Amino acid sequence: MMNNEKLQLLRELVRSGNTAGIAELFRREIELDRNSLQTYQVFTDVYLKYFDRKSALEAITLMGKLPRQAINYDQLRKIHDYYKSTGCFDIAMLTAKVMRMAAGNDPQRLVQAGTELGSLRLHDEALKCFEKLVKKKPDDPVANFLMGTAQNSCNKPAGAETSFKRCISLNSAFYPAYLSLSQLKKQRDSSNHLDSLKKRLKESNGDPAASRFLNFALAKELDDLGRSDESFACLSAANDVVRLAQPYDHSIEQDTFEKVVACYTKLKARGVTGNDSSAPVFIVGMPRSGTTLVERVLAASDSVYAGGELHDFIGQFVYQYGLLPERQNLPAIFGKAHQFDYRKIGKGYVDSVLSRSSGRPVFTDKMPFNFRYLGFIRAALPNCKIIHIQRSSQATLLSNYQQNYRAGINLWSYDKAAARKYFELYQDYMNYWKAEIPNGFLNIQYEELVQDFEAVSRKLYEYCGIEWTDECLRFNEINVHSGTQSSAQVRQPIYTTSLNKWKDYSAHLSEWSDLGS
């Protein structure tokens, strides 16, 4: 551990900009005590502040070369949590991999490491943790469920099915496994779980968790079978459980919008210079509007890295400007964001994502909620591409109402009135950005993409400056891992059967009827 004298010397080297001296001090400190995790963290932070991401990654990578027995796991986990919470997701990926190595055969640590790896989309690495966990505890339902989830994310649905069934056989009250099993594939009249789901629901005696997960599972399977009225009754029951337990507060989203507008007005008046990289392709829109499909289409090119739903852009705001206590407080961030250095934000974002793109020069970021920040994205990265995908309003809202999101995520989706408010606010954002950054993004209609797939796909490639490949037409065969709600759908070839499916539910969607089709 570095003493106060050494830390003071480091501060002086930083103040004077003596990068060679910083590197030499790091080398000496590692020679003195190569097992001090604090040393790796301190110098990684220094390099990040200097926007020397290569040296930062090299510094944190050295931690992974330590013998497992030499690593203080609890301290390592705190370091990992720090980098993840401050938006340094490339660094967090490396510390999560070290966590997997340092976990050994300890079940609790394997769960922690695997969960972190999965949250960072390192699904292969997560699966290794959970395979080891199941080998250690073969009769643990949680272990089997976690392995099934990772298998599904790794495009191994057959293995996932076995794991989820094993989980249920070990604990018939492990309700999330029933929903995960139902979501693996389209159910048919000759092959479904309706009877077992109804039986289990009846036996659960009103357990809220059972009502939530089993009703979502029933709704999904009944929808597959075209029994929309029965499906919606189950949907309502499932959504009511979440809505009552976690009511949605629209004032927070409205406040964020007002802060974004006020901040962007100040940013325009100030004028900024961004980073000139053309690597990023942002894909934005409402959840369940087709962002995953667009990413898969583009990722069929060998030159494109599918980044998935990245938190790295807003993470740059958090890390570079010391907003850690306010990480989840977007109104607070956008109370200050007009003061930021957008060239540094752009560089930090691009360096972070390209560091894990395996040399591919273009990457996608399909975080839907980036629609909030389009003007700031354009300020930081004036040469980036932004694709806005839209889907018919009622199809979008219904699809969200059919989803069981992770705890605390998209709480508006469980309440039809709240969902309408959120959708209208999304429209306010997009109308604002259309006026503020005209020609700043490409609008794509989901319905047009699936009905005229090749023509619209070629338009996407042309806009992004990517050489066309016919591999795009077989996007579902590309082995891109997915941990999103769309993981099962994107394994299928393009289909149009769901375009007007929302009309089967129109009698139940009066709250949205005047939003248009």
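**Helix pair and sheet in a predicted model**

Modeller: Helix 1 and helix 2 are roughly antiparallel to each other. This is a predicted model, where local features need pLDDT of at least 70. Residues are numbered from 1 along each chain.

Colleague: Why are helix 1 and helix 2 called roughly antiparallel?

Modeller: Their axes, lines fitted to C-alpha atoms over the stretch in contact, with angles running from 0 to 180 degrees between N-to-C directions, cross at roughly 160° and come within 9 Å. Angles over 145 degrees count as roughly antiparallel, under 35 as roughly parallel, 65 to 115 as roughly perpendicular and the rest as oblique, so helix 1 and helix 2 are roughly antiparallel. The helices, DSSP runs of H or I with at least four residues, span residues 4–16 and 19–32.

Colleague: Which residues of helix 1 and helix 2 make the contact?

Modeller: Taking heavy atoms within 4.5 Å as contact, helix 1 brings Lys6, Leu9, Leu10, Leu13 and Val14, while helix 2 brings Gly21, Ile22, Leu25, Arg28, Glu29 and Leu32.

Colleague: Good! And what makes strand 2 and strand 5 edge strands?

Modeller: Strand 2 (304–306) and strand 5 (442–445) each pair on one side only. Pairing needs at least two DSSP bridges between two strands, and strands are E runs of at least two residues. The open sheet has five strands in the order 2-3-1-4-5, with parallel pairing.

Colleague: How do you know that strand 4 and strand 5 pair?

Modeller: Strand 4 (residues 385–390) and strand 5 share four bridges in the parallel sense, and the definition asks for at least two. Isoleucine 389 stands opposite isoleucine 444 in strand 5.

Terms used
This is a predicted model: local features need pLDDT of at least 70, side-chain atom pairs count only at pLDDT 80 or more; totals for chains, interfaces and linings use all residues. Side-chain values use heavy atoms; hydrogens and water are left out.
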